[in-house]
Amino acid sequence: MAPSAPGASAQSGSVQGGAHDGLDHKVVRDFFALACGWWSGATARRAWFLTAALAALLIVNVGINFLVNAWNRRFFDALEATETATVAWAVVAFVGLVLGAAAVGVGVVMSRETLQVRWREWLVATLLDRWIGRQRYYRMGLAGTEPANPEYRIADDTRMATEPIVDFAIGLLSSLVSALTFVGVLWMVGGSLTIHVGDGRFVVPGYMVLAAIVYGVAMSGLMLWIGRSLPGAVARRNEGEAKLRFELTRLRENSESVALIRGEADERRALGATYADLVGRWLGVVARHGRITWLTNSNGVFIPVLPLLLAAPKYLSGDFTLGQVTQLAGAFMQVQLAIAWLVDNYRAIAQCYASMQRVTDLTRAIDEIDDGFGEGETGGVRLTPSMSGAVRLEALTIAGRSGRPLIDTVTLAIAPGERVMISGESGAGKSTLVRALAGLWPWGSGTIALPAGGAVAFVPQRAYLPAGTLRAALAYPAQSAALDDAVLAEALAEVGLGYLAGRLDDAERWDQILSNGERQRLAVARLLVQKPDLVILDGATSALDEAGEARLMAVLTRALDGATLISVGLRPGLEALHDRKLVLARGDGGARLSSAPLAARLPAPTS
């Protein structure tokens with residue numbers, strides 16, 4: 001009849017990689033080292049207020065449980081003695097207890113869920129800052145150290161790790177306070193038990209307390225032994241879940257390519273094999289849950305009866321009243337639940353641990369990538385500002401992850417306003433050189449100097465269009481509010497997308513609606529709007545036909561006259577729009593970059 005502290009059940013997480021059969025204390029330690037930052041710094045006041053409010057309400061809730069326990073004794077003693085007036089008074093008092101328990105329960109739920117939401121808010125923001133900051137989201141993939149599905153780890157596993165922890169803390173605090181409170185009831189009301197053996201007798205002081213402790217410790221030990229392999233099984237199951245989600249997402253993102261080559265049957269076989277493996281992992285978890293359920297269900301049935309059996313001898317001898325028996329049974333239950341907290345929460349702990357592991361895997365990968373990228377530099381390649389406005393490569397060597405040279409030592413300068421074309425056979429390292437210029441390639445040595453204070457625009461082959469309006473796509477990554485419609489419409493018309501000028505404020509999935517060629521045209525329109533000082537194109541017009549590419553490049557060079565232009569992957573026919581050509585030729589010690597002047601640059605056509 002005693003109300004319990006309101007709580008929420010934990011949910012399963014998603015784990016990818018590194019599954020162990022037991023709990024790794026380093027995972028727990030690393031997670032709390034990260035997540036406990038919410039209780040310090042700018043968020044400390046709110047965090048500690050919510051924590052203190054929740055703790056106070058839980059203690060009040062235990063106090064109400066104690067009053068209900070005392071009410072049980074009064075009520076049943078009055079029933080046994082047929083004291084009508086006392087029974088009536090007890091009923092009125094019980095109404096007050098019910099109202100108090102309801103009010104405290106509402107406070108616990110509100111403070112608990114607010115704490116969970118705010119804690120997760122801080123943790124997600126922290127992970128997003130670390131993942132997106134210094135382009136780690138790209139660099140981890142480039143280095144091959146990115147854990148699978150980092151977006152799920154940030155969006156889902158933060159919730160599935162933090163929410164259960166709050167619930168566990170509620171249960172643990174309630175259990176500790178309940179144990180301290182109701183152990184006194186068991187000791188004072190239960191007294192000692194006298195056992196007669198032959199002519200002698202043994203007195204067991206506080207026998208109800210002793211029985212509760214022995215039974216609770218034994219059940220907790222059994223749970224640790226029986227459930228020791230559950231965390232690893234949950235981790236392996238969630239690895240399979242993450243793999244299935246990834247393969248389904250990959251199929252959806254490449255649906256057109258799969259449909260064109262009629263690859264549905266092969267994709268179905270692959271997905272079937274992945275799901276069959278997932279089913280096997282799920283059945284492994286089910287088997288372990290079955291073993292644990294033997295213990296939890298038998299424990300749930302036996303706990304309510306055990307204190308009655310222990311109190312029966314003294315009740316039958318007249319030492320206990322019926323009210324005392326019910327009070328002892330309630331107190332025993334509270335103490336037993338406190339001691340057996342691990343038994344009741346082991347499954348949830350295993351599932352919470354799985355999400356904690358996924359989050360810490362991500363933070364470790366971020367820390368590892370930072371070890372390879374010093375502040376202001378990419379591995380051994382140093383990025384510095386160029387005060388003259390020229391792009392300078394000084395003793396630059398670009399290497400692969402293994403240390404094998406990809407581009408041999410090169411020193412050159414590209415003057416402000418100069419237009420340079422970089423060419424070379426496929427695989428010679430053209431895109432790698434562009435990544436180094438962007439500060440994304442961590443391996444090598446030397447210095448790259450880019451114009452100080454100038455706007456730099458990198459345009460890759462696959463143009464990125466953010467979710468939202470076409471206006472936002474043209475302004476990206478800047479804000480779009482200050483852009484004039486006439487300027488945007490003119491830029492779209494210049495690149496051959498004038499038919500989109502009336503849809504500037506339409507919010508669509510433009511990355512899916514537009515073709516590859518249209519996306520590349522839109523990326524060039526973005527350059528016309530933003531007018532950067534340095535433009536680096538890496539196959540940015542590859543989806544266009546030769547005539548379309550020539551027209552688009554002519555528009556770009558005319559509109560950005562005076563800007564420095566570095567072009568990679570253009571057709572040879574566009575050399576006339578450039579001042580110089582850099583050629584990458586493969587060699588045993590890495591590709592060599594040679595420079596050759598071009599004929600006088602032709603002016604860009606005006607129409």
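Reader: Let's start with Asn-149: in which loop does that residue have its place?
Author: We're looking at a predicted model here. Asn-149 isn't a glycine, yet its phi is positive, at about 55°. As for its place, that's the loop between α4 (136–143) and α5 (150–190).

Reader: Is Asn-149 buried or exposed?
Author: Buried means under 20% relative accessible area. Asn-149 has a relative accessible area of 7%, so it counts as buried.

Reader: And Lys-531, which also isn't a glycine: what is its phi?
Author: Lys-531 lies in the loop between α16 (516–530) and β12 (534–538). Its relative accessibility is 49%, so it counts as partly exposed. Its phi is positive, at about 50°.

Reader: Stepping back, how many helices and strands does the chain have?
Author: The chain has 607 residues, and buried ones make up 45% of them. The secondary structure comes to 17 helices and 15 strands.

Reader: Why do you call the chain more spread out than a compact globule?
Author: For 607 residues the globule rule gives 25 Å, and the chain is well over that, so it is more spread out than a compact globule. The box filled by the C-alpha atoms, taken along the principal axes, is roughly 120 × 55 × 50 Å. The radius of gyration itself comes out at 35 Å.

Reader: What share of the contacts with a separation of 6 or more is between residues 24 or more positions apart?
Author: A contact here needs heavy atoms within 4.5 Å. Counting the contacts in the chain with a separation of 6 or more, the share from residues 24 or more positions apart is 77%.

Reader: How far apart are the mean positions of the positive and negative charges?
Author: The chain has 56 positive and 56 negative charges.

Reader: On to the rings: why is the pair of Trp-39 and Trp-119 edge-to-face?
Author: The structure holds ten aromatic pairs. In the pair of Trp-39 and Trp-119, the ring centres are 5.1 Å apart. Planes over 60 degrees apart count as edge-to-face. The planes of these two rings are at 70°, so the pair is edge-to-face.

Reader: How many residues apart in sequence are the parts that this Trp-39 and Trp-119 pair ties together?
Author: Trp-39 and Trp-119 are both buried. Trp-39 lies in the loop between α1 (25–35) and α2 (44–80), while Trp-119 is in helix α3 (residues 84–132). So the pair ties together parts whose separation in sequence is 80 residues.

Reader: What is the angle between the planes of Trp-441 and Trp-443?
Author: Trp-441 is buried, as is Trp-443. The two form an edge-to-face aromatic pair, 5.2 Å centre to centre. The angle between their planes is 80°.

Reader: Where is the cis peptide bond that has an omega of about 5°?
Author: Look in the loop between α13 (470–475) and α14 (485–494), where Pro-477 lies. The cis bond joins Tyr-476 and Pro-477.

Reader: Which residues does Leu-574 contact, leaving aside neighbours within four places in sequence?
Author: Leu-574 has its place in the loop between β13 (564–568) and β14 (580–585). At 8% relative accessibility, this leucine counts as buried. Its C-alpha is separated by 10.0 Å from that of Arg-551, 23 residues apart along the chain. With those neighbours left aside, its contacts are Met-421, Glu-549, Ala-550 and Met-553.

Reader: Which residues is Ser-542 in contact with, on the same terms of leaving aside neighbours within four places?
Author: Ser-542 lies in the loop between β12 and α17 (546–559), and at 32% relative accessibility it counts as partly exposed. From Gln-520 it is 22 residues apart in sequence and 8.3 Å apart in space, C-alpha to C-alpha. Leaving aside its neighbours within four places, Ser-542 is in contact with Gln-461, Gln-520 and Arg-571.

Reader: Last one: how far is the C-alpha of Trp-294 from that of Leu-328?
Author: Trp-294 lies in helix α9 (residues 264–316). Its relative accessible area is 72%, so this tryptophan is exposed. Trp-294 and Leu-328 are 34 residues apart along the chain, and their C-alpha atoms are separated by 27 Å.

Methods
Residues numbered from 1 in each chain as written. Predicted model: local features only at pLDDT ≥ 70, side-chain atom pairs only at ≥ 80, totals over all residues. Heavy atoms only, no water. Helix = DSSP H or I, 4+ residues; strand = E, 2+ residues; numbered from the N terminus. Rg over C-alpha atoms; globule rule 2.2 N^0.38 Å. Buried < 20%, exposed > 50% of the residue type's maximum accessible area, 1.4 Å probe, protein only. Lys, Arg positive; Asp, Glu negative; His and termini not counted. Charge placed at Lys NZ, Arg CZ, Asp CG, Glu CD. Phe/Tyr/Trp six-rings, centres within 6.5 Å; stacked < 30°, edge-to-face > 60°.
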